[in-house]
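Welcome, and thanks for taking a look at this model.

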Amino acid sequence: MKTELLIVGAGAAGIAAALAAWEAGCRDILLVDRRERPGGILPQCLHEGFGLAAYGAELTGPAYADRITERLAQTGVRLALGTEVLAVRGDKTAVLSGRGGLSEWRFERLILASGCRERSIGSLPVAGTRPAGIFTAGQAQEMMNLRGQDVGREVLILGSGDLGLIMARQLVLAGKHVIAVIEQGPRCGGMARNYRRCIEPYQIPLRCRTTVSALHGERRLRGVTLRNLDSGAEELLPCDTLVTALGLIPERELVRGLGDPDWLSYVGNCHRVHDLADSAAAEAEAIGTRVGGELAV
Amino acid sequence: MREFDVVVIGGGLLGCFAARNLCRRKLHIALIEAREDVCTGVSRANTAIVYPGYDHKPGSLKAEMTVRANTRFAELCTELDVPFSRCGSLMLSCGERADAVLREKYRNGLSMAVPGLRLLSGEEARELEPSLAPGVRSALYAPTAGTVNPWELGIAASENAAANGADLFLNTRVLGVRKTAEGYRIETDREVFACRAVLNCAGLYADKVQETLFPSEVHIVPDGADYLILDRVTDNRPAHIIQYEPEDGGKGFNAVPTVEGSLLLGPSERAGEVDFAVSEQGLAFVRERAEFVLPGLDLGGTIRSFAAVRPNPRREDGSSIGSFVIEHPAPGFWSMIGIKTPGLTCADELGRFAAEQAAAFLNAGPDESFDPRRRGIRKARGMSWEQRAAVIRSDPDYGEVVCCCEDITKAEVLEAVRRGAVTLDGIKRRTGACMGRCQGSRCQQKLLALLARELGIPESAVTKDGAGSEVLGGRPHED
Ligand SMILES: Cc1cc2nc3c(=O)[nH]c(=O)nc-3n(C[C@H](O)[C@H](O)[C@H](O)COP(=O)(O)OP(=O)(O)OC[C@H]3O[C@@H](n4cnc5c(N)ncnc54)[C@H](O)[C@@H]3O)c2cc1C
Ligand SMILES: Cc1cc2nc3c(=O)[nH]c(=O)nc-3n(C[C@H](O)[C@H](O)[C@H](O)COP(=O)(O)OP(=O)(O)OC[C@H]3O[C@@H](n4cnc5c(N)ncnc54)[C@H](O)[C@@H]3O)c2cc1C
């Protein structure tokens, strides 16, 4: 099968790129996502704060996703959900897998909009056991907001990036005891706006220059050892859940080893991690317009 | 009371292979495991090396079994449909003392007829493995060394034993063994078993189990070991198993390119409890060794660290024991106590050895219907695109990728549950899901929902690895 433009990932960036390429005149676009629902991580971000730049309104993630999906429906962009892009090859072909079957696509241009993945605690030199009850922040967000899964009761957050802050607030609002947010740096890692909105009103302690040095509990997490990075002092803190916000890694495994071919562009979080969906979308729009224009002529 | 000819206690590698080999005879066999699944103990965490057989005293049981096991390993893995990578190994020396160790191992290997052994210079070693440290001055090359996933092998053996008629009793802890007129009574926390012979393969607790009836001359004194795992896309990943023999005579170090594609580094050596807890010093040691031996490795690609427990066998006086210990305190009773390296390599040989003794004692003839073959779960990853398209046509679940790091499909997960996975770790061990670079942060929640649905239990009852490790809802109240 053939398509002029293949876009991998239907998050804020992939959809913005598709819309822009369509508007620029490209009429043969295939937008693919492994998820069943368009919007990437947006549907799980129930809080407001999306679309300020693009729509002049503070939307929730799902509302923002709905807006862009509606716009997409008015174009002729083909959307393949529940479809995994298994491989992208140097001869400008890609292999897609879904419940309907395996298919091979030949394309002219590829826009990678595959987002990012979260750094997991496994990458840190943390001692102790490996019990249940440890989740990444995005994972906890997906579990709570899309799956109705309850992550735990006595929660410690490791990492004060925006995601850590957002999850701290959400857990408090869900009736959980958020014991503290732990940060290795000297100050809050996330945006000041998120600190003011998510941490201050709920009086969640933010402990800087601190890290988790060990996990305890053979089956379910029972506590962690906290270490002060300046004094080296350690203390045992009981908790049953650890939510980690250790940073985001652009997801580019699909094109690893292909070098830097002229038919490939990156947009959104797989290009560089964006704090705001609007900025991921703006970047994607510019590239979508250029690539779409080149394909239209 | 249930009656069997032979009861095997413990569903680790050794118990699973003992059961499998007992099935070669006309015997009614029970395999009793305390946990909810097989291979959750020592067999879950080790270095995964299939040794060539030059490490032990020529002529010893260990040396002979290892060489024989290695020779048969590819055939075994074909029978059980388990991936085996005969990638070869390089044991490295950076000084005179280690040179001498390598020469001695080389001589041991020659006298045991280990195939293809070669002593290499540093340059020759770097030709085979360009990323080795410049300080490497000699190496022992063993082309027959390889690696296998230990739990995959053990699970395969348990499935094969079950298919050949062995009865598997999970969640059943042996509390004690009693002598009876006809044989033995096995008391568990569930029910009582009667049998004519016992193979005690209780791993870290084998001495304790034996001591419920007989004294044990061997005692297990556990210590700990730490490992790191690097992502499959690690630059300068060695193609061979790298083993380092340090000049100071301290603990050696291994880098193993696993069958999954990741790189396993370790172990450390330290005092430890039986709690599988990682030590910070141990991790630091492994990192330091890795940086020294393979300076081009980016340890930033670490995706996981874990701990293992060594069941060190000791005599009453505290002295350590180098050989495999198979105690035989009374007719019809055998214990494998403190079987550590190379117990994975020799699992089938040890199982066969123990099974043969029991069969001879019971005068059991061969069971002609024994089928050594087992089919593994068909993995989408690694299929040709044509094959993959065909399996999706016959089963659409093969089209749905659930673990995107490791490319594991829903069909594989469902099959794992059908084959006995009752926990998230059980799915992980049977399919490889959650073992990749995101460590399950994108798929664990999906697997949890699938598992609950398939088992017909609420999501809140799904555990990571058995009761008490519920994934949702926080700490159990009664805890
Ligand atoms: C957890 C999280 C919370 C955030 N919260 C906020 C917030 O509160 N406010 C704010 O303004 N910004 C927030 N951001 C930032 C902002 O939302 C993101 O920068 C933006 O939405 C990223 O869009 P994207 O399209 O690049 O990535 P994503 O939304 O991650 O989309 C990438 C898509 O690609 C798909 N994909 C990847 N690989 C493949 C493949 N091989 N085959 C098929 N599909 C594939 C994925 O399934 C995914 O749907 C958050 C980011 C994250 C990660
Ligand atoms: C750190 C380390 C590295 C190693 N590396 C290698 C290597 O690279 N190559 C190699 O060839 N070998 C290696 N080995 C050796 C190999 O891992 C072991 O020999 C092998 O796994 C031992 O298996 P097992 O069945 O005896 O023990 P286990 O896997 O511990 O099985 C014992 C089982 O018995 C069950 N049990 C215990 N008590 C009871 C009870 N009362 N009732 C019912 N069930 C009970 C337990 O739950 C457990 O499942 C290594 C070992 C260690 C420790």
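## A helix in chain B

Helix 8 of chain B (residues 347-362) has 16 residues and reaches 22 Å from its first C-alpha to its last, close to the 22 Å expected at 1.5 Å a residue. That expected span is 1.5 Å times one less than the number of residues in the helix. Helices here are DSSP runs of H or I with at least four residues, and strands are runs of E with at least two, numbered from the N terminus.

This is a predicted model, in which local features need pLDDT of at least 70 and side-chain atom pairs count only at pLDDT 80 or more, while totals for chains, interfaces and linings use all residues. Residues are numbered from 1 along each chain as its sequence is written, chains are lettered from A and ligands numbered from 1 in the order in which they are written, and side-chain values use heavy atoms, with hydrogens and water left out.

Which residues of helix 8 of chain B are buried? They are A347(B), D348(B), E349(B), L350(B), G351(B), A354(B), A355(B), A358(B), A359(B) and L362(B). Buried means under 20% relative accessible area, exposed means over 50%, and partly exposed lies in between, with a 1.4 Å probe and protein chains only. The cover over these buried residues includes strand 1 (2-9), helix 1 (13-22), helix 2 (61-80), strand 12 (192-200), strand 19 (326-330) and strand 20 (333-336) of chain B.

Both sides of this helix have something to show. In the loop between strand 20 and helix 8 of chain B sits P342(B), and the peptide bond that joins T341(B) to P342(B) is cis, with omega near 0°. Just after helix 8 of chain B, N363(B) takes a positive phi of about 55°.

## Other backbone features of chain B

A cis peptide bond also runs from G266(B) to P267(B), with omega near 0°. P267(B) belongs to the loop between strand 16 (263-266) and strand 17 (270-271) of chain B.

A113(B), in the loop between helix 3 (96-111) and strand 6 (118-121) of chain B, has a phi near 60°, a positive value in a residue other than glycine. D407(B) is not a glycine either, yet has a positive phi of about 60°; its loop lies between strand 21 (401-403) and strand 22 (408-409) of chain B. Are these residues buried or exposed? A113(B) has 58% relative accessibility, so it counts as exposed. D407(B) has 16%, so it counts as buried.

## A buried threonine in chain A

Turning to chain A, T75(A) is placed in the loop between helix 3 (61-73) and strand 5 (78-80). Its relative accessibility is 16%, and therefore T75(A) counts as buried. Leaving aside residues up to four places away in sequence, T75(A) touches L19(A) and W22(A), where a contact means heavy atoms within 4.5 Å. From T75(A) to W263(A) there are 188 residues in sequence and 23 Å in space, C-alpha to C-alpha.

Chain A has seven helices and 20 strands. Its radius of gyration is 21 Å, close to the 19 Å that the globule rule gives for 297 residues, so chain A is as compact as a globular protein of that length. The radius is taken over C-alpha atoms, and the rule is 2.2 Å times the number of residues to the power 0.38. Chain B comes to 12 helices and 22 strands. For its 479 residues a compact globule would have a radius of gyration near 23 Å, and the 22 Å of chain B agrees.

The table sets out some further values for each chain.

| Chain | C-alpha extent along principal axes | Buried residues |
|---|---|---|
| Chain A | roughly 65 × 40 × 35 Å | 58% of 297 residues |
| Chain B | about 65 × 55 × 50 Å | 62% of 479 residues |

Chain A exposes about 11900 Å², with carbon and sulfur atoms supplying 49% of it. Chain B exposes about 18000 Å², and carbon and sulfur atoms supply 49% of that area. These areas come from the Shrake-Rupley method with a 1.4 Å probe, and for residues only the protein chains shown count as cover.
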